[in-house]
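Dear colleague,

I am passing on the structure we spoke about, and below it I have set out what was found. Please read the notes with the model open beside you.

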Amino acid sequence: MKKNKSTPEFATWESTLKCNMYCFHCGLRAGLFSHDNRDLRGPQLSTIEALSMFEELSKIGIRRLIISGGEFTTRADWKYLLRHALKKFDNVRLISNGFKGRRLIKKLEVLPGCDRLVLSVSLDGIGYIH
């Protein structure tokens with residue numbers, strides 16, 4: 001596909017609102033769940049919908065994908081989706097809270113195309129923690 005000057009090069013996908021941490025300062029946390037833990041903002045994209053989104057983004061010329069959350073690795077399909085994203089895009093940046101640490105890095109290192117994957121770890125907090 002020929003790229004024109006108005007075609008964006010990157011897209012950001014907020015993949016889920018779920019997270020394995022409950023940080024007080026997180027903007028996604030506010031009002032997220034009802035008393036019975038239902039997601040009040042509606043359902044996240046299914047695996048099929050996410051793959052379709054990758055295809056559409058690729059078709060319009062997106063070359064770089066930023067994946068954030070919540071925490072992307074809380075999705076049961078995260079490795080599958082990341083594998084496909086690395087096939088579709090020149091560069092993929094995964095923003096994580098780093099909770100899984102070394103185990104996460106070991107899982108990422110074996111993915112085909114991991115040389116085009118950038119892992120960003122969020123280390124922010126409130127007040128004395130930040």
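This is a predicted model: local features need pLDDT of at least 70, side-chain atom pairs count only at pLDDT 80 or more; totals for chains, interfaces and linings use all residues.

A nonpolar core here is a set of buried Ala, Val, Leu, Ile, Met, Phe, Trp, Tyr and Cys residues joined through side-chain atoms within 4.5 Å, and buried means under 20% relative accessible area, with exposed over 50% and partly exposed in between (1.4 Å probe, protein chains only).

Residues are numbered from 1 along each chain as its sequence is written, and side-chain values use heavy atoms, with hydrogens and water left out.

As for the overall layout, the protein has 3 helices and 4 strands, which follow the pattern β-α-β-α-β-α-β along the sequence. Helices (H or I, at least four residues) and strands (E, at least two) are DSSP runs, numbered from the N terminus. Of the 130 residues, 32% count as buried. Among contacts (heavy atoms within 4.5 Å) between residues at least 6 apart in sequence, 77% join residues at least 24 apart.

Two helix pairs deserve a description. The axes of helix 1 and helix 2 come within 10 Å and cross at roughly 10°; these axes are lines fitted to C-alpha atoms, for helices over the stretch in contact, and angles run from 0 to 180 degrees between N-to-C directions. Helix 1 and helix 2 are therefore roughly parallel to each other, given that angles under 35 degrees count as roughly parallel, over 145 as roughly antiparallel, 65 to 115 as roughly perpendicular and the rest as oblique. In this pair, Thr47, Ala50, Leu51, Phe54, Glu55 and Ser58 of helix 1 meet Tyr80, Leu81, His84, Ala85 and Lys88 of helix 2.

Helix 2 (residues 78-88) also packs with helix 3 (residues 101-109), at an angle of about 45° and with the axes 11 Å apart, and the two are therefore oblique to each other. Trp78, Lys79 and Leu82 of helix 2 make this contact with Leu104, Lys107 and Leu108 of helix 3.

Returning to Trp13, its contacts beyond neighbours within four places in sequence include Leu45, Met53, Phe54, Leu65, Ile67, Ser68 and Leu81.

Ser15 and Gln44 are 29 residues apart in sequence and 7.1 Å apart in space, C-alpha to C-alpha. Not counting residues up to four places away in sequence, Ser15 touches Gln44, Ile67, Ser68, Gly69, Phe72 and Arg75. Of these, Ser68 lies in strand 2 and is buried, with a relative accessible area of 13%.

Finally, a cis peptide bond joins Gly69 and Gly70, with omega about 25°, whereas most peptide bonds are trans. Gly70 is placed in the loop between strand 2 and helix 2.
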